[in-house]
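I opened the notebook to look up the fold and the annotated sites of this chain, and I begin with the structure itself.

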Amino acid sequence: MPHTPSKRILLKLSGEVLMGEQQFGIDPEYVARLAEEVKAAKDTGLEICLVIGGGNIFRGISGAAKGLDRTTGDYMGMLATVMNALAMQNALEKLGVQTRVQSAIPMATVCEPYIRRRAERHLEKGRVVIFAAGTGNPFFTTDTGAALRAAEMGCDALLKGTSVDGVYDSDPKKVPGAKRFETISYGKVLSDNLKVMDAAAVALCRENAIPIVVFSIREKGNLARILAGEGVQTTVQE
Ligand code: UDP
């Protein structure tokens, strides 16, 4: 039976938010705080899919800039996302939230492989499903992995929790007076090459009419505010 209730979201967290105030890696205290926010969202009755990036540990493109094969670097990046997924799983389970990690790269002794129908069952049972290893393919990003899983799982929205509080017309760190959009079309994001998510991810969301909500997860309580329709954000839609 197709999924119909309008209460399933995919939350994509950039790897860098797991660093907290560190310059690299995982800050377990900060991950615990993020887990509390996810739990609070779940307690409102939402079904939650999670995708976590790997940029706090490794990005294939940075490795390639220093001479590593791009594909090797990308697989390393995907493995980094599995570490982040396990850290988040641990933090959520400490709060009593049932979770499953499903990896696009099968690693049977660590977590489940990605099986859509099984993920569906987990969600129905109230578990948070953390999708690890992106799409499982090099030359992609976890943003695209998030868009793909959001489409496959029939999510009603893709929430991108990152370090900036929305989509701007120019880089707010460099351009004083840069303007944040409240809403913006997929087409404008693509034609203006705005740095929201990579083009493949935006195109996939557009094809499947999945709104993308970009917000900062750095401020405590922001996820709840966004879900209540209150926080500072940008929605990318048709
Ligand atoms: N990656 C990949 N294929 C995917 C997803 C990720 O090759 O489907 C690799 C890629 O090298 C990427 C790294 O994993 O740089 C970490 O993911 P990403 O950069 O998307 O993490 P984020 O920026 O969200 O922390």
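Predicted model: local features only at pLDDT ≥ 70, side-chain atom pairs only at ≥ 80, totals over all residues.

The unreviewed UniProt entry lists residues 7–216 as "domain: Aspartate/glutamate/uridylate kinase". I looked up that span and found 39% helix and 18% strand, with its end C-alpha atoms 21 Å apart.

I traced nine strands in an open sheet of mixed pairing, in the order 4-3-5-2-1-6-8-9-7. Strand 4 (112–113) and strand 7 (183–185) are the edge strands, each pairing on one side only. Strand 2 (residues 47–52) runs parallel to strand 5 (residues 128–132), with three bridges between them, and Val51 has Phe131 in strand 5 as its bridge partner. I then followed helix 4 (residues 116–124), which packs on the sheet and touches strands 1 (8–13), 2, 3 (99–103), 4 and 5, its direction making about 150° with that of strand 5.

The unreviewed UniProt entry marks Lys12, Leu13, Ser14, Gly15, Gly55, Arg59, Thr162, Tyr168 and Asp171 as "binding site". These residues do not all gather at one spot, because the farthest two C-alpha atoms are 24.1 Å apart, and they span 160 residues in sequence.

**Two of these residues.** Is Leu13 buried or exposed? I count Leu13, which is found in strand 1, as buried because it has 25 C-beta neighbours inside 10 Å. Beyond its neighbours within four places in sequence, Leu13 is in contact with Leu34, Ile52, Gly53, Gly161 and Ile217. Arg59 lies in the loop between strand 2 and helix 2 (60–65), and its 19 C-beta neighbours inside 10 Å make Arg59 partly exposed.

Note on methods: Residues numbered from 1 in each chain as written. UniProt positions renumbered as here; feature names shortened; annotations may be inferred. Helix = DSSP H or I, 4+ residues; strand = E, 2+ residues; numbered from the N terminus. Pairing = 2+ DSSP bridges. Contact = placed C-beta atoms within 7 Å. Axes fitted to C-alpha atoms, helices over the stretch in contact; angles between N-to-C directions. Buried ≥ 20, exposed ≤ 12 C-beta atoms within 10 Å, placed from the backbone.
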